[in-house]
Amino acid sequence: MSESNGQSNNPNTDNKYLDMDLLRFTTAGSVDDGKSTLIGRLFYDSKSIFEDQMEAIEKSSKSSGEENVNLALLTDGLKAEREQKITIDVAYRYFATPKRKFIIADTPGHTQYTRNMVTGASTADLAIILVDASKGLLTQSRRHAFISSLLRIPHLVVAVNKMDLVGYDEKVFNEIVGEFRSFAKKLNVSDITYIPISALKGDNVVEKSDNTDWYNGSTLLHHLETVKVDASDNIVDFRFPVQYVIRPNQNFRGFSGRVASGHVRPGDEVTVLPSGLSSKVKRIVTRDEDLDIAYPGDSITLTIEDEIDTSRGDMIVRKNNVPAVSNEFEAYICWMNEKDMELNKQYVLQHTTRTVQVFMEDLLYRMNVDSLTREDATKLGLNEIGRVKLKTSQPIFYDPYQVNQKTGSFIIIDPATNVTIGAGMIRAGSTESKSSKDTSEAGIKDKKTRQKSPNVVWEPWNIPRELREKRNGHKAQLLWFTGISGAGKSTIAKELERKLWEEGKQTVLLDGDQVRHGLNGDLGFSPADRTENIRRVGEVARLFFEHGNIVLCTFVSPYTEDREAAKQLFPEGDFKEIHITCDPKTAQERDPKGLYKKAQEGEITGLTGYDADYEVSEDPALTIDTDSISVDEAVEEILKLIQE
Amino acid sequence: MSEKRSHSHLKELEDEGIYVMREVAAQFERPVLLFSGGKDSIVMFHLALKAFHPGKVPFPLMHIDTGHNFPETIEFRDKLVEKYGVELIVGSVQKSIDEGKVEEETGPDASRNALQTTTLLDTLKEYQVDAALGGGRRDEEKARAKERFFSHRDVFGQWDPKNQRPELWNLFNGRKNPGENFRVFPLSNWTEMDVWQYIAQEDIDIPELYFAHERKVFNRRGVWLADTDYVNRMEEEELETKTVRFRTIGDATCTGAVLSDASNMEEIIQEVASARQTERGNRHDDKRSETAMEDRKRQGYF
């Protein structure tokens, strides 16, 4: 949620509310990248280590034969951690400066503890990803950046550590920054800051370093003190999971909970899920005083005007802004248990204040978090992340995680052991075909959530299509040309349009490359982005169609499901899918846009017809094999089709 | 809009604490609030009042009384119980000793602190407690830094730091098998400074021991211990009258006083802000070994 978004919808936001002075951050990096040393350094240089702690560390460093005081000992507190000199478990640390208070989730870097990284990241506003300057960008840094992106941590800091080992060389720093930047393009993180540091020597951690005069940015601490943290709260969509019912006597019945998102005022019209019954908020009760507005994070008690049966696990929402209510959805799941995730086995799902039974119906794919590619898989093992279809015994009330972390997250519990074995992030509503593979963006960039616009009322067309068709002297048509690149879609469509034009028909030709330069310039080629590309094109085509045109659309549109979705926008029979096909070899020889050449040279991946699949429809209106018929013959066939 | 929003980190910590308390009330059948009469448990009770207003706090207080408490603490405890009409359960270490369940330590450093664990576990069992709310904070000690909000204990009341449930977002999993229980720490994310600032902001009553006063004390290895019947003072340890206050209040045998003139909240906060020693720096029980707290917690300590 962008800040301006929240502001415009809520003009009365108290400025003090935005004046947050608590930052929760997490640290990540490979083993020996120096996480614990960095935290020790932050504490030491900001004078947050107490004398008795320092004495204890000094004593401990000495007794284990170390030359210098080991600042890492400040954070590694468990016996086993000290024995092995590694961090095993998430630990939480606290320090404060005059500007802000900090809670650090100190997470282990070892591969086998990915679940702890997820645990620490789940509550973080910011993640520091440490990169060892002397080693360059390693897999583990990418992995942690990916997890941070998946968990929607709004701010990343790439701290290029151990700059002292590379002579504080600007070039080394710039190379790592460049490499990370190009990698981060695949991720959904908008704010990334790069800082060259040496945790060991203290360069640019708290004090600005003289060794990096080429660096003009903030020190790490200054950045932590000043980064804006208020933007991640969703203050638009009111969601209030009922946690506990307070009923001291006949005259008071209050619903207690913490506002998950949005805001609420007395007098607001609300609906209680799952009953769907509506009423008005009477009071916002706290022990100090009644509030006239409550914001995300506020622990409050609501009373409502009418007696509606409401209990723990229910959700109070604004009447005209309700979340999805369903017992089937898709989610990314990080598996956290030694026992594999099994399909169709009964687990327990805990979501907001609601606990239900759940089955994993399907594992769509497993994410290879090292290469950021999708893999076919039948199970998820410890520390693995995958996309899963779930079915619950009762509906839950959710929003996609990317819109609302509080109502988009859940945990999976093993009913046999009661242990938390999985963490889930709910995806945006639409489903995606299992066969769609796309390695170019690793599917990380999710489809932009289709925000429902509940207050929009459909306005009938000013001049109905029938009238326009009458004046044009022909029917409106929708011709959807689909097929791999080089099959001949554009060539045939262009020739056809020229013919129709000559006959005096109203036509529009929508071409993939054209819309991607403008309307869809923000979309990539991941399956999710391709789906969105086709969705928008479908909507635009519909506008032209309703205005009486013969609309010709030429899009690779590799997924059946997407084409079906577009088809649904048109009256039955008016959407005609024309599959243009040829031998893949022919397409590669034609290579009109040079894409196959690029793919062969490894410049691009995920090219449909080369290393990504095209899904053939079962029943297209027409199939044209351009290996066997000419452009003119093809045009004739299509003309015959539309004159039927 | 309440003035409190200007201290937004305290507001957030308060909201989080209330949320955790309500989760406990909702997820468990027989929770208790462990109450020592110290500032953390007083803040906890204050949060509980807020969490369930205008209803009553839906669980009793439980005090594990070593029998070596400062009289001021007990007096404060009893007044609070009377004022708010809450139920109080007392587990007595003396009783455990009398029943032969534990043996009193001997020697100059003898303390009943370790013995508390047995009494605590027995009392939890006696009342079939399935969740015990504690005032433990992660900033207190390195082993506490690893604690979860909802900390699972096995049927023996033991903590296994290597086998803790991951805690994600604000989803707390309180499911357990019969006989097992949870320790729950709503103040996990608070620091000593937060507690003091909150007490000042909310104008919460605390025992007089926290404010500077004159007291007979003696110095043992750098720690000022109060002269009481419970501490075996060695001959060479001379009694002196000093102006002191306590930063933490526990068993009189192991809680050291600090030399201080801080006689009101403002001065205390000033003092805490400039402190060069941790709060537990003068707790004898932590100095026994490097992992004293971890070891005690593994056995079922607070």
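Modeller: Residues are numbered from 1 along each chain as its sequence is written, and chains are lettered from A in the order in which they are written. Because the model is predicted, local features need pLDDT of at least 70 and side-chain atom pairs count only at pLDDT 80 or more, while totals for chains, interfaces and linings use all residues, and side-chain values use heavy atoms, with hydrogens and water left out.

Biologist: How do α1 and α2 of chain B lie relative to each other, parallel or perpendicular?

Modeller: Helices here are DSSP runs of H or I with at least four residues, numbered from the N terminus. Helix α1 (residues 8–27) of chain B packs against helix α2 (residues 39–52) of chain B at an angle of about 75°, with the axes 9 Å apart, the axes being lines fitted to C-alpha atoms over the stretch in contact and the angles running from 0 to 180 degrees between N-to-C directions. Since angles of 65 to 115 degrees count as such, α1(B) is, relative to α2(B), roughly perpendicular.

Biologist: How many residues of α14(A) are buried?

Modeller: Helix α14 (residues 527–546) of chain A has 20 residues, and at 1.5 Å a residue these should span 28 Å, which agrees with its end C-alpha atoms being 28 Å apart; the expected span is 1.5 Å times one less than the number of residues. The helix is mostly covered, and the number of its 20 residues that are buried is 14.

Biologist: Where is Pro274(A) found?

Modeller: The peptide bond that leads from Leu273(A) to Pro274(A) is cis, with omega near 10°. Pro274(A) itself is found in chain A, in the loop between β10 (269–273) and β11 (277–285).

Biologist: What is the relative accessible area of Asn204(A)?

Modeller: Asn204(A) lies in the loop between β6 (191–196) and α9 (220–226) of chain A, and its phi is positive, near 60°, in a residue other than glycine. Asn204(A) counts as buried, because its relative accessible area is 0%.

Methods. Helices (H or I, at least four residues) and strands (E, at least two) are DSSP runs, numbered from the N terminus. Angles under 35 degrees count as roughly parallel, over 145 as roughly antiparallel, 65 to 115 as roughly perpendicular and the rest as oblique. Buried means under 20% relative accessible area, exposed over 50%, partly exposed in between (1.4 Å probe, protein chains only).
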